[in-house]
Amino acid sequence: MALKSIHIALFVLVVLSVAAADPLQDLSRREISSSGEREVAVTIDVSFGTLHISKGVKEKIAIVEYEEDFEDDERLDFSYRVNEGKGKLRIESKDRRRSKKRDGHGRDSDRRDAGKKWYMQFTPSIPLSFNIELGAGKGIIDLTGMHVQALTLSSGASSAELICEKPNPIPLEKFVIESGVSKFSGQNLCNTNFRKLKFEGGVGAYKLDFGGKLQQSAEVDIEVGLGAVTIIIPDEVPARVVYDDSWLSSFDIDDGFVKTKKGVYETPSYADSDKRLTVKVESGLGSVKVRRRDF
């Protein structure tokens with residue numbers, strides 16, 4: 001119990017005034033200092049505004065900065081606890097409940113909330129598991145430099161961008177992306193070091209770029225309803241694409257792939273490679289494009 005109290009005490013809130021700004025708008029900063037955690041599970045539920053996620057500093061589990069309107073009764077809610085070396089952090093915006101209570105039409109609150117920005121940085125020194133839920137707005141999630149062992153990303157009516165510029169030092173054991181009526185772009189996805197990726201899209205435009213370093217054989221399962229998905233697989237990545245020709249969506253694949261049998265397309269190096277990418281695609285009434293490119 002005493003140890004838990006010490007960890008909670010390390011959860012520091014610092015409020016900084018912004019000069020020449022609206023007096024009702026302040027910049028809030030919250031920090032969680034590292035205290036020997038072996039891993040941390042992070043849950044983020046943000047229903048509005050723009051969310052930025054990136055690498056922080058070794059000494060801090062998390063650093064979060066955001067604008068806070070002190071007229072609002074409900075603000076960003078934080079909770080953090082540590083049990084046997086495993087940290088659990090939850091960050092939640094309560095905008096959905098506040099909007100219903102304050103504005104029946106959602107006009108004023110929607111305009112105010114759409115412009116809010118949330119900046120979240122996380123430690124690069126220990127394994128992290130992310131469960132991120134985006135409502136309406138935009139998410140820019142940069143995993144570069146972090147140790148990510150699990151990532152679940154769910155976006156409703158939002159636009160999301162996932163970036164990973166350097167190889168993830170540890171295997172990404174769980175990788176799930178659910179994108180509804182929205183736009184999604186993933187860059188250098190092979191750098192995440194995933195074993196299996198599950199992608200589900202509804203009605204939207206989706207781009208999955210499998211650039212980066214393929215550190216192990218990996219499988220991708222893509223299901224899209226009415227959306228348009230573009231899959232980019234660089235020339236140096238040995239790959240197989242499996243597509244069910246019975247679906248009603250349009251399908252267009254580059255000449256760099258050879259059709260080996262019905263619904264199966266492979267790169268020339270696929271059969272002889274020990275690290276391979278296998279992509280299975282199911283699409284309803286949407287469109288699927290598979291492209292190769294040089295880096």
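Colleague: Where is Leu-226 found, in terms of the strands around it?

Modeller: This is a predicted model. Leu-226 sits in the loop between strand 15 (218-224) and strand 16 (228-232).

Colleague: Is Leu-226 buried or exposed?

Modeller: Read the relative accessible area against the cut-off: over 50% is exposed. Leu-226 has 52%, so it counts as exposed.

Colleague: How many helices and strands are in the chain?

Modeller: The chain has 3 helices and 22 strands.

Colleague: Where is Arg-293 found?

Modeller: Look after strand 22 (287-291); Arg-293 lies in the segment that follows.

Colleague: Why does Arg-293 count as partly exposed?

Modeller: Partly exposed runs between the buried limit, under 20%, and the exposed limit, over 50%. Arg-293 counts as partly exposed because its relative accessibility is 30%.

Colleague: Which residues does Arg-293 touch, beyond those up to four places away in sequence?

Modeller: Asp-209, Ile-232, Ile-233, Pro-234 and Asp-235. Take Ile-232, 61 residues from Arg-293 along the chain: their C-alpha atoms are 7.4 Å apart.

Colleague: What share of the chain's contacts with a separation of 6 or more comes from residues 24 or more positions apart?

Modeller: Such pairs account for 58% of those contacts.

Definitions and conventions
Residues are numbered from 1 along each chain as its sequence is written. This is a predicted model: local features need pLDDT of at least 70, side-chain atom pairs count only at pLDDT 80 or more; totals for chains, interfaces and linings use all residues. Side-chain values use heavy atoms; hydrogens and water are left out. Helices (H or I, at least four residues) and strands (E, at least two) are DSSP runs, numbered from the N terminus. Buried means under 20% relative accessible area, exposed over 50%, partly exposed in between (1.4 Å probe, protein chains only). Contact means heavy atoms within 4.5 Å.
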